[in-house]
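Below is a briefing on one protein chain. Please look over the sequence and the structure before reading the points that follow.

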Amino acid sequence: MLYTEWNLEDACEIIREESLSRGRQEGIEQAVRVLKGVLPPEVIAERFELPLEDVLRILAV
């Protein structure tokens, strides 16, 4: 039998961490778009430590 205990403090911490992660990702995507035309996608990927495919995906939007 699987037993799990729901804990409000743990749930709030998980929500906070997910929100920070989502906010960080949105910030990176915005920065990548700002750098479009200023730096080549390869350099942007290197600077943000992202896969080139992710940078190209962001730039295509």
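Helix 2 passes helix 3 in a right-handed crossing. A crossing is left-handed if the near helix is turned anticlockwise from the far one by less than a right angle, and right-handed if clockwise. Helices here are DSSP runs (H or I, at least four residues; strands are E runs of at least two), numbered from the N terminus. The model is predicted, so local features need pLDDT of at least 70 and side-chain atom pairs count only at pLDDT 80 or more, while totals for chains, interfaces and linings use all residues. Residues are numbered from 1 along each chain as its sequence is written, and side-chain values use heavy atoms, with hydrogens and water left out.

**Helix 2 against helix 3**

- Two packed helices are described by the angle between their axes and the distance between the axes.
- The axes of helix 2 and helix 3 come within 9 Å and cross at roughly 115°; axes are lines fitted to C-alpha atoms, for helices over the stretch in contact, and angles run from 0 to 180 degrees between N-to-C directions.
- On the helix 2 side the contact is made by P41, E42, I44 and A45, and on the helix 3 side by L52, V55, L56 and L59; contact means heavy atoms within 4.5 Å.
- By class, this contact has seven nonpolar, no polar and one charged residues. Ala, Val, Leu, Ile, Met, Phe, Trp, Tyr, Cys and Pro count as nonpolar, Asp, Glu, Lys and Arg as charged, and the others, Gly among them, as polar.

**Two residues of helix 2**

- P41 lies in helix 2 and is partly exposed, with a relative accessible area of 23%. Buried means under 20% relative accessible area, exposed over 50%, and partly exposed in between (1.4 Å probe, protein chains only).
- Leaving aside neighbours within four places in sequence, P41 is in contact with L52, V55, L56 and L59.
- P41 and S19 are 22 residues apart in sequence, and their C-alpha atoms are 27 Å apart in space.
- A45 is also found in helix 2, and at 6% relative accessibility A45 counts as buried.
- Not counting residues up to four places away in sequence, A45 touches L50, P51, L52 and V55.

**The nonpolar core**

- The largest nonpolar core has eight residues in all: I28, V32, I44, A45, L50, V55, I58 and L59. Such a core is a set of buried Ala, Val, Leu, Ile, Met, Phe, Trp, Tyr and Cys residues joined through side-chain atoms within 4.5 Å.
- Helix 1, helix 2 (41–48) and helix 3 (52–60) each supply at least two residues of this core, and the largest share, three residues, comes from helix 3.
- I28 touches F48 and L50, not counting residues up to four places away in sequence.

- Side chains of opposite charge can pair when their charged atoms come close.
- The structure holds two salt bridges; a salt bridge is a side-chain nitrogen of Lys or Arg within 4 Å of a carboxyl oxygen of Asp or Glu.
- E13 forms a salt bridge with R16, and the closest N and O atoms are 2.9 Å apart.
- Both E13 and R16 lie in helix 1 (residues 8–35), three residues apart, about one turn of the helix.
- E13 is partly exposed at 32% relative accessible area, and R16 is partly exposed at 44%.
- E29 forms a salt bridge with R33, with the closest N and O atoms 3.6 Å apart.
- E29 and R33 both lie in helix 1, four residues apart, about one turn of the helix.
- E29 is buried, with a relative accessible area of 18%, whereas R33 counts as partly exposed at 41%.
- E29 touches R57 and I58, not counting residues up to four places away in sequence.

- Q30 is in helix 1 and counts as exposed, at 53% relative accessibility.
- Q30 and L59 are 29 residues apart in sequence and 9.8 Å apart in space, C-alpha to C-alpha.
- E49 is found in the loop between helix 2 and helix 3, and at 74% relative accessibility E49 counts as exposed.
- Most residues other than glycine have a negative phi.
- E49 has a positive phi of about 55° although it is not a glycine.
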